[in-house]
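Here is a short report on a structure. Look it over first, then read on.

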Amino acid sequence: MQIEKEPKILAILCKWCSYAGADLAGTSRFAYPANVRIVQVPCSGRVDPIMIFKAFVEGYDGVMVSGCHPGDCHYTTGNYHARRRIAVARRLLEFVGVHPDRMHFTWISAAEGKKFAEVCSRFTDKLKNLSGTEKTLARKELAT
Amino acid sequence: MNEMRNKIEELFKNGEIDAVLGYREDPATGEVKAAVFKKDEALDDMVFDGRCVQNLVNYLPTLVARYRKVGIVLKGCDGRSLVTQLVEHRINKNQIVALGVGCEGVKLDGKEADKCDDCATSMSPIADYEFGEKKHKKEPAFSKVEEIEKMSPAERWKFFADYFARCERCYACRQICPSCYCEICVADQQEPKWIEPSAKLSANTMWHLIRAYHLAGRCADCGECERVCPQEIPMRLLNNALEKAVHELFDVRPGTVPDEIPPLVVLSKEDPDTILEGKNE
Amino acid sequence: MNKWHKMKRTDLQKFVSRLAEKWEVWVPYRADGKWEFGIYDAMKDLDFPESIIHVSLKSLFFPKRRPVAKYEEDSKWSLQAVVPEDRPRIVIGLHPCDVAGIEYMDKVFLKSEHKDAMYEAERERTMLIGMICSEMEDNCHCTDRGLAPDSTRGMDVAFVEADDHYLFKSMTDRGKQVMQSEYLKEVDEKPEKKEWPAGKYAIASPEEFMEMYDDKIWHELSDICLTCGICTYACPTCVCFLVTDEKFKGKGERVTVWDSCQLQSYSRMAGGHNTRKTPASRVRNRTLDKFAYSHLRYGQISCTGCGRCVMVCPLKRSFPQLGARLSERIEEKKKGKAKAGTRSKEA
């Protein structure tokens, strides 16, 4: 099926900033690739690295996490915690063999609709470049 | 050793402790195992040498629940894991008497254990009484981690997938780790079921990744997880990779400073955003 | 009269290769220095380990992960039972304790109210060629559990190493199928009858064990135990399992997977209540199950005395010693030397 060749991206976005930014991209008609599947969380601090691990094991080509800019978190300090957790999670995933280009972590505010669209496009392109390489960690079948 | 025995007898006598966690040599077989010495028991079988491999801190919480106050014999690495237990308020300092012993390295299968190459401290960072010599700390070597870091992503995954596929999910690594003490482990959670119970590569990968991640910044590198694994999976490699990461990112070596809050609990506003970047960015 | 047959040592591999032409043959083999059982590969030299391997052979009849039903999420959404294997199979190299374990599993899966169809199919298709032990290893204590290293009970064919050759004998009609071989010659010779040591880990009776339920000794016995579950995975008669559903990309399977009563979550129920929260309660459960409950339900204790639990325990605890220590306590109480057991503080 042709769709399988397109990279599948999981984007975990915080509700107050990044998800709103994605909404803005939509209402402003900034096009971004359909490869991105969005999951909304209340705050980037809610992002548990197990979600990122699961995404790669279940076959996602890339994972993106985005939250409010440091200092602007709706819950004041959530994104500071997220920054540390995700930094460590990234290192672990790189260590076991996930290509660094498959992970992208960023801060996108509610006003940055254009940035959201650009980030998604660039990330998708990066993953398309990697489509020749083997998708590590991804499970192949039900019994494995 | 005699010095320590005398001190323990003294502590029993003046009622300060009701039991001691130490190492006992079985007179019949010569094997050395973790053991609880109670108040009126003879301490003749208590030993401390390179055969004292087990991390006794793992048993501490059960024992402090049963006895009022417990003494514990601590190697350097075991002491590091005790620091984590105290900082996380799992045990109170006033429930234990820490008997630090200067460790000269332990033997596994007849030769010195790998973990002793990276020994952060031969004497427990927490010790009410110290016996033996404190040796200088070695700077972390992480040489095995660096070997993996030289491989390409595909090579790394091949290396790890072979091991993860072997995992039986016996959870010995979890049970023996003092820092793994969640009442309901994430591996046992049903809703959502993050980790499937069957021992297949995908579920095992999830298990090993989350186990290593939950220990990030808390693992004392006591090496017990690797020792007990029936499939000889290099558990320490994952833990050390994160120890290196935490050291590079936050300049912390877990458990070496009493009362130091683990790095992933700390709220820091000053971390640079660059820590989120991958190698190619 | 059914006699023993002699086979030259050098003919064993040829014999097995010949069998592999008609049957699916499982033999022990070494992978990365670790022994396992797998399908015979004629390219590899046939080799038998000196003693029992730590991997329990129960996985040949009751795999670690076993699909029992499948479904596909398409327009019809159908559920199908998994069709059991029926290809004829031979397993070579089981020891008497392994076979005793299989006999116990038969009681659990075949002779109780609910017959397990998949287990039955695996048993039906498999011929057991058992290897009689030449000696007892350090951890072996089958003689204290009603077995013997030279027992042929339950085997279809038994063989034993003797000097420079092997001696084979068929025990059942099924076993006779493989005896017509150019490599086997009927002889009058019989295997050497040996005296086997016993008494190392003698235990009390099941009824006496049952009376130990409320004793405080369980705290002492579980002092150092991790309740990791490795002993249950290695044990030939531990067969607790979990049923769970797994799915991926539109396909799903209902599978049984090995579980262990030693794990902290084993008895956890909806609402968070756990009847065996403490390590002491879990150690008690396993011990009494091996030495008492199994006898109540199936008429035989389920411990086969193979000693695998000792081999694999990360703390080198000794489960048999635990049974022996309990038996000691039972004796103490009988003679009134110890204080009468009081109700333990927690379950």
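## Chain B as a whole

In chain B, 72% of the contacts between residues at least 6 apart in sequence join residues at least 24 apart. Two residues are in contact if their C-beta atoms, placed from the backbone, lie within 7 Å. This is a predicted model: local features need pLDDT of at least 70, side-chain atom pairs count only at pLDDT 80 or more, and totals for chains, interfaces and linings use all residues. Residues are numbered from 1 along each chain as its sequence is written, and chains are lettered from A and ligands numbered from 1 in the order in which they are written.

Chain B has 9 helices and 8 strands. These are DSSP runs (helices H or I, at least four residues; strands E, at least two), numbered from the N terminus. The C-alpha trace of chain B spans about 60 × 45 × 40 Å along its principal axes.

## Helix α3 of chain B

Of the 12 residues of α3(B), 10 are buried. A residue is buried if 20 or more other C-beta atoms, placed from the backbone, lie within 10 Å of its own. Among the buried ones are B:G76, B:D78, B:R80 and B:L82. Their cover includes α2 (60-66), β4 (70-74) and β5 (96-101) of chain B. B:H89 follows α3(B) and has a positive phi, near 60°.

## Where the chains meet

The contact takes 36 residues from chain A and 34 residues from chain B. On the chain A side, α2 (49-57), α3 (78-96) and β4 (103-107) each supply at least two residues. α3(A) gives the most, with 15 residues.
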